[in-house]
Each structure stands twice: as structure tokens, then as C-alpha cells.
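Please keep the sequence and the structure in view while reading.

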Amino acid sequence: KKKFSIFSIFNWIFNKIVENWIERSLKPFNSDTFGTLHQNMELLVDHNSDFNDYHAILNSEKMAELFLSNGDIIELYNQNTRFLAAVKGSDTCRSDKILLSRSLSINSNLYMGTRVSIRPYKNCPAADSVVFAPIEDTVANITGSLDKILNKELKNLQGIPILKNFIIPVF
């Protein structure tokens, strides 16, 4: 028979407590846990009237509850679509809604009244390059330097995930 000292038993219990505490502390940042805990949480898509804002807007308290920070990349999804967006908090957004600008709604195919779920999207790869291909009928009536107009838009797109065929309205 193997004998255990009080010290070795205490040490084993202490290590188990520390392991469990570390595991529980890290779980909220694990996307699998996030998805499991909140898989039934649905948000309604609503309109963000700021057409220059390419962020998905969430209620600030909801973001804290979901361990999200401004600029984090999330995946919006339902049975029909999946879309990546950078998130930003706002106290004016209701906790059951997510606000998308017209551009994000069109690009994501998620319109007002659509139900979506969200989850963090970790390790979003950076593109080697992004090609801007102006659509002729949209640039025909623009006055001024196209370089200046595009540079202004690029400032709005800092930190925003851009997918293939992402349409950016230029005004």
C-alpha cells in the first residue's frame, strides 16, 4: 500500500483547484465556449444610419457580457449566410439588436428584421493586397480627385474585414 502524507494530499487538492480556476478563467475567451454559451442568442438586424460606418454596432453592455471589445472581429451568421464584421459598442443600441449600415447589409445579405447569431472570429488573416475596381456608373458623377475620395474612404475602413466582392459606396 502506498501512503500519502497530509502535505501530498493538500498539494494535490491545491493543484486541482488552481487548474480548475485557470480553466474557468480562460473559458470566456475561448470561441467554442462563447458559441456554446450563446448559441441560442439571436439578435435582430436593424439600420445604422451612419453610412460611413462599416462596424456592426452592438449594445455596450451586451459587448461586455460577451467579452467583446471595440474593433474585435465577429462572425454574423444564420442558416442563409455568414459574414465577418468589426464590432463597436453603443449605448443607444438596444441589447436585442445589431445595427448595420446599408453597405454592410448589402454586402452581408442581412437586412432589417433578419435574425442572426454572432461569435468572435479569431485569427482573421490580413490580405496581401486589396484591389479597388470602381464601377463606371458610380464614378461618372464624382467630382474632384478620385485619390482624395478613396483615401477618405480608406480611413473609414481601418480594421474592417474586407471580403472578396465587398462593395464600398463612394459619395
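The count of aromatic pairs in this protein comes to zero, where rings of Phe, Tyr and Trp (its six-membered ring) pair if their centres lie within 6.5 Å, and planes under 30 degrees apart count as stacked, over 60 as edge-to-face and the rest as tilted. The model is predicted, so that local features need pLDDT of at least 70 and side-chain atom pairs count only at pLDDT 80 or more, while totals for chains, interfaces and linings use all residues. Residues are numbered from 1 along each chain as its sequence is written, and side-chain values use heavy atoms, with hydrogens and water left out.

**Overall architecture**

- The protein contains six helices and six strands; helices (H or I, at least four residues) and strands (E, at least two) are DSSP runs, numbered from the N terminus.
- Along the sequence, these elements follow the pattern α-α-β-β-α-β-β-β-α-β-α-α.
- Of the 171 residues in the protein, 33% are buried; buried means under 20% relative accessible area, exposed over 50%, and partly exposed in between (1.4 Å probe, protein chains only).
- The protein exposes about 12000 Å², and carbon and sulfur atoms supply 54% of this area; accessible areas come from the Shrake-Rupley method with a 1.4 Å probe, and for residues only the protein chains shown count as cover.
- Among the contacts with a separation of 6 or more, 75% are between residues 24 or more positions apart; contact means heavy atoms within 4.5 Å.

**Pairing of the strands**

- Two strands pair if DSSP finds at least two bridges between them.
- Leu76 stands opposite Phe83 in E4, and the bridge partner of Leu76 in E6 is Ile118.
- E3 and E6 pair in the antiparallel sense over four bridges.
- E1 and E6 pair in the antiparallel sense over two bridges; in E6, Leu43 has Val116 as its bridge partner, and Leu44 has Arg115.
- E1 and E5 pair in the parallel sense over four bridges, with Asp46 opposite Leu99 in E5.

**The nonpolar core**

- In soluble globular proteins, nonpolar side chains tend to be buried together.
- The largest nonpolar core of this protein has 27 residues, and those with the most contacts inside it are Leu58, Ile74, Leu76, Ile98 and Ile118; a nonpolar core is a set of buried Ala, Val, Leu, Ile, Met, Phe, Trp, Tyr and Cys residues joined through side-chain atoms within 4.5 Å.
- At least two residues of this core come from each of strand E1 (43-47), E2, E3, E4, strand E5 (97-100) and strand E6 (115-120).
- E4 supplies the largest share of this core, five residues.
- Leaving aside residues up to four places away in sequence, Leu58 touches several residues, including Leu43, Met63, Leu68, Val87, Cys93, Ile98 and Ile118.

**A charge over a ring**

- Arg119 lies over the face of Tyr77, at 4.0 Å from the ring centre; a charge sits over a ring if NZ of Lys or CZ of Arg is within 6 Å of the ring centre and within 35 degrees of the ring normal.

- Most residues other than glycine have a negative phi, and most peptide bonds are trans.
- Phe67, in the loop between helix H3 (60-65) and E3, has a positive phi near 60° although it is not a glycine.
- Phe67 counts as partly exposed because its relative accessibility is 44%.
- Asn109, in the loop between helix H4 (102-108) and E6, also has a positive phi, of about 65°, and is not a glycine.
- Lys164 is found in the segment after helix H6 (146-156), and Lys164 counts as exposed because its relative accessible area is 78%.
- Lys164 and Val131 are 33 residues apart along the chain, and their C-alpha atoms are separated by 9.5 Å.
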